[in-house]
Amino acid sequence: MKKIEHIGIAVKDLDVSNELFEKLFGAPAYKFEEVQSEGVITSFFHNGPNKIELLAATNPESPIAKFIEKKGEGIHHIAFAVEDIVSEIKRLKNEGFIVLNEEPKIGADNKLVAFLHPKSTNGVLIELCQEIK
Ligand code: ZN
């Protein structure tokens, strides 16, 4: 695993939170993207070298809707950049982590992604992401 690629924050209302984070960082979101398969709409902010992803549900069945129902708004996942997601999935499975996506899927921001179940990572949902070249 390389660096932290971004931190994902679950929010109820993307417009309200976009305004809030724009004030916080002094710059607006540079990108909006809907991931239909996940039932989420996302926005991305730069803060220096770091990236923050806001995620809001687009339907009540969305994993984000369920997360907010259970835990409220807040940090949803930490994403790590990887060079080769397929071999990283294999490696982490062998290490005993519960991988939620045996096959990487297409995520937001032009990435192949896979998630590790928080049960196997001290309660933190971890996203692996590899840039699609
Ligand atoms: Zn993410």
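Select Phe21 and Phe45: both are buried (under 20% relative accessible area, with exposed over 50% and partly exposed in between, using a 1.4 Å probe and protein chains only). This is a predicted model, where local features need pLDDT of at least 70, side-chain atom pairs count only at pLDDT 80 or more, and totals for chains, interfaces and linings use all residues. Residues are numbered from 1 along each chain as its sequence is written, and side-chain values use heavy atoms, leaving out hydrogens and water.

Now look at the rings. The whole structure holds four aromatic pairs (rings of Phe, Tyr and Trp, its six-membered ring, with centres within 6.5 Å; planes under 30 degrees apart are stacked, over 60 edge-to-face, the rest tilted). The centres of Phe21 and Phe45 are 6.0 Å apart and their planes stand at 45°, so this pair is tilted. Phe21 is in helix α1 (residues 14–25) and Phe45 in strand β3 (residues 40–47), so the pair ties together parts 24 residues apart in sequence. Helices (H or I, at least four residues) and strands (E, at least two) are DSSP runs, numbered from the N terminus.

Next, select Tyr30 and Phe44. Their ring centres are 6.3 Å apart with planes at 50°, so this pair is tilted. Tyr30 sits in the loop between α1 and β2 (31–35), and Phe44 in strand β3, 14 residues away. Is Tyr30 buried or partly exposed? Tyr30 counts as partly exposed, at 34% relative accessibility. Phe44 counts as buried, at 1%.
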